[in-house]
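The entries follow the order of the look-ups.

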Amino acid sequence: MATPNKVAAVTEITTDFKESNAAVLTEYRGLTVAQLKELRVSLGQDTKFSVVKNTLTGIAAKEAGIDAFDGQLAGPTAIAFIKGDAVAAAKSLTDFAKSNPQLIIKTGFFEGRSLDASGVAELAALESREFQLARVAGVLKAPMSALARTVDALRIKLEENGGEAPAEEAPAAEAAEAPAEAATEEA
């Protein structure tokens, strides 16, 4: 028989799964309370790192339609529910795991897809969302910048010539007339 506390815990975990675009299942055996606090701070405001009960988490995952954690819910378990930038959170988790080997990244899911530990590491290796957006903005801005520089160079050249067309166009016109004169002389 389910107690009201367990029903509330399953409901909360189910809600966390449904509201998150990613989640990472970890084992935290051997970490101190201070280390867990440090990890929570490094994950930021958009990620909730919760120590969970395995049985209740299994039920909540099934209710949320997530099968990524099947067979992985054993031992002391904590889940990072990521609502913001999944790449930044995955980087924080993998960096923390490198400096604290007691944290073991088991599995995860990202946008409905299951990830194993290496998948989480690959997600962490991606560039941040802000960096990718800046790169796209730079690519989109480059042609406009080149056009602006070209127009400005033409403006400067016109100002130097007193508003007249550049002198470079005259030799091109003379070159076009030269072959026509040569053809009439030969005839």
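Entry 1, terms and basis. I took a salt bridge to be a side-chain nitrogen of Lys or Arg within 4 Å of a carboxyl oxygen of Asp or Glu. The model is predicted, so I note that local features need pLDDT of at least 70, that side-chain atom pairs count only at pLDDT 80 or more, and that totals for chains, interfaces and linings use all residues. Residues are numbered from 1 along each chain as its sequence is written, and side-chain values use heavy atoms, with hydrogens and water left out.

I found a salt bridge between Arg155 and Glu159, with the closest N and O atoms 2.9 Å apart. Both residues lie in helix H6 (residues 129-160), 4 residues apart, and are thus separated by about one helical turn. Helices (H or I, at least four residues) and strands (E, at least two) are DSSP runs, numbered from the N terminus. For accessibility I used relative accessible area: buried is under 20%, exposed is over 50%, and partly exposed is in between (1.4 Å probe, protein chains only). Arg155 is partly exposed at 40%, whereas Glu159 is exposed at 53%.

Asp16 forms a salt bridge with Lys48, and the closest N and O atoms are 2.8 Å apart. Asp16 belongs to helix H1 (residues 4-19) and Lys48 to strand S2 (residues 47-52), so the pair ties together parts 32 residues apart in sequence. I recorded Asp16 as buried, at 7% relative accessible area, and Lys48 as partly exposed, at 30%. Salt bridges link Glu12, Asp16 and Lys48 in a network.

Glu27 is buried, with a relative accessible area of 13%.

Which residues of H5 are buried? In this helix (residues 117-125) I listed Gly119, Val120, Leu123 and Ala124 as buried. They cover an arc of only 145° around the axis, which puts them on the same side of H5; the arc is that of the directions from the helix axis to the C-beta atoms. The face turned away from the buried side carries the exposed residues Glu122 and Ala125. With contact meaning heavy atoms within 4.5 Å, I noted that the buried residues of H5 pack against strand S1 (22-27), helix H4 (86-99), strand S4 (104-110) and strand S5 (113-116).
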